[in-house]
Amino acid sequence: MKIDDNFYMKLAIDEAWKYQLLTYPNPAVGCVIVKDGSLLSIEAHKEAGMPHSEVNALKAAYLVEYPNSILKMKNSSHDIHTFLLENHNGYFNDCEIFVTLEPCNHVGKTPSCANLLKELKPKRVIIAHEDINKLATGGIETLKNVNIEISLGCMKKEAYNLLYPFIKWSSGTFIFYKMAQTLNGCIDGAVSSKMSQLYVHTLRDKVDLMLIGGNTVRIDKPTLDARYIAGRAPKIMIYSKNKIFDNNIALFKVPNREVIISDDLFKLLDHKLVMVEGVYNLMNILKERIDYIVLIVSPKIRNGINALNEINMDFEIVHENYIGEEKIMYLKRKV
């Protein structure tokens, strides 16, 4: 295996995918730091308002050399920034920093990563994709102005696929369809493991709206909350022409939740991040609107409902990973 810029950038991209959609409304970003040919850290941005990927990676890299440093106890972006500015002592001067997105150049909930790197003066910063956010862009120029070597465009296509949900919800609506199935395509019953269910509940906690079909509600009588992580129950839209439902169904009993019953799909466009849970009938109705499918595949074979519906859709696999023993795939609709 060739150890080059692509190798390290792929590590950063793969790490960022672990937090895809979970950083909403921020993009998923990964960062790797290499010093004298040694890999020091692989980190990502994990949640909006929390340290960016570069800050997490710089902290982890510093602790490789100084494992007993008080930095270990600092978790806020501001505290980590301040500590590194005051204590770096040139430690990062011979480092190469690989980041999937141009370091931010503005101060928001967190300080500017570009301004931090400007002071730490690494040998080189390798950036996969420039920032599309006009508020945050300009990090490349900030670094160039202090003569830090910049390499732009390493694995740019892969970085674009990582950034795509952020691009969509920044300018409109990003809709993803969550499905779980067995190896033989069975989609009913207890398909997913506890780890996958935790992941799904974490997604529910983040989205603006969750869409589900009326028949699924009537048959399964779901709760559709985020109780496994003690998270926020999402706002629900039930797609149904028949507006009559049994109010004793669990999802109607969740406190402080808004539930919309409608067959007007234009209502989806009032939200930035929309999650759809359902089976193939709803997928067929939405097939021109779905951006991604998040598919969880369980390594077992079961009797049950499978993909016998006559739906023709083409997707590109943009990433695949594992949640425990189950495979998770992110599929982008081809248009």
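This is a predicted model: local features need pLDDT of at least 70, side-chain atom pairs count only at pLDDT 80 or more; totals for chains, interfaces and linings use all residues.
Where does Asn89 lie? The place of Asn89 is the loop between α3 (77-87) and β3.

1. **Largest pocket: extent and centre.** The largest pocket holds about 1,200 Å³ of space. Its lining consists of 38 residues, and those nearest the centre of the pocket are Ile187, Thr216, Asp220, Glu277 and Gly278. The elements that contribute two or more residues to this lining are β6 (174-182), α7 (194-206), β7 (209-213), α8 (214-220) and α9 (280-286). Of the elements, α8 gives the most, with 6 residues.

2. **Largest pocket: composition.** By residue class, the lining of the largest pocket comprises 16 nonpolar, 14 polar and 8 charged residues. Among the residues nearest the centre are Asp220 and Glu277.

3. **Second largest pocket.** A volume of about 530 Å³ is computed for the second largest pocket. It is lined by 27 residues, with Asn26, Pro27, His52, His106 and Asn133 nearest its centre. Two or more lining residues come from each of α2 (53-65) and α6 (156-171). The largest share, 3 residues, is that of α6. The lining of this second pocket divides into 13 nonpolar, 10 polar and 4 charged residues.

4. **Largest nonpolar core.** The largest nonpolar core has 72 residues. Within this core, the residues with the most contacts are Met9, Ile33, Leu58, Leu84, Phe92, Phe176 and Tyr199. Helix α6 supplies the largest share of the core, 7 residues. As noted in point 3, α6 also gives the largest share of the lining of the second largest pocket.

5. **Ser112.** Ser112 is placed in the loop between β3 (95-101) and α4 (113-120). Its relative accessible area is 2%, so Ser112 is buried, the cut-off being under 20%. The side chain of Ser112 reaches the backbone nitrogen of Asn115 at 3.0 Å. With neighbours within four places in sequence left aside, Ser112 is in contact with His81, Cys104, Asn105, His106 and Val107. Of these contacts, His106 is also one of the residues nearest the centre of the second largest pocket.

6. **His129.** Is His129 buried or exposed? His129 counts as buried because its relative accessibility is 7%. This residue is found in strand β4 (residues 124-129). Beyond four places in sequence, His129 touches Thr100, Leu101, Glu102, Leu152, Lys156, Ala159, Tyr160 and Leu163.

7. **Lys241.** The loop between β8 (236-239) and β9 (259-262) contains Lys241. Why does Lys241 count as exposed? The reason is its relative accessibility of 66%, given that exposed means over 50%. Lys241 and Ser262 are 21 residues apart along the chain, and their C-alpha atoms are separated by 6.5 Å.

8. Tyr24 and Pro25 are joined by a cis peptide bond, with omega about 10 degrees. Pro25 lies in the loop between α1 (5-17) and β1 (30-35). Leu21 lies in the loop between α1 and β1. Although not a glycine, Leu21 has a positive phi of about 75 degrees. Leu21 counts as buried, since its relative accessibility is 1%.

9. **Positive phi at Asn89.** Asn89, the subject of the opening question, has a positive phi of about 50 degrees and is not a glycine. Its place, as stated above, is the loop between α3 and β3. Asn89 counts as exposed because its relative accessibility is 71%. Leu21, by contrast, counts as buried at 1%.

Technical notes. Residues are numbered from 1 along each chain as its sequence is written. Side-chain values use heavy atoms; hydrogens and water are left out. On a 1 Å grid over the protein atoms alone, a cavity is a set of points where a 1.4 Å probe fits but cannot get out, and a pocket is an open set with protein on both sides within 12 Å along at least five of seven lines; lining residues have an atom within 4 Å of a point. Grid points are joined across faces, edges and corners, and a volume is the space filled by probe spheres set on the points. Helices (H or I, at least four residues) and strands (E, at least two) are DSSP runs, numbered from the N terminus. Ala, Val, Leu, Ile, Met, Phe, Trp, Tyr, Cys and Pro count as nonpolar, Asp, Glu, Lys and Arg as charged, and the others, Gly among them, as polar. A nonpolar core is a set of buried Ala, Val, Leu, Ile, Met, Phe, Trp, Tyr and Cys residues joined through side-chain atoms within 4.5 Å. Buried means under 20% relative accessible area, exposed over 50%, partly exposed in between (1.4 Å probe, protein chains only). A polar contact is a pair of N or O atoms within 3.5 Å; within protein, one must be able to donate a hydrogen and the other to accept it, and residues adjacent in sequence count only if both atoms are side-chain atoms. Contact means heavy atoms within 4.5 Å.
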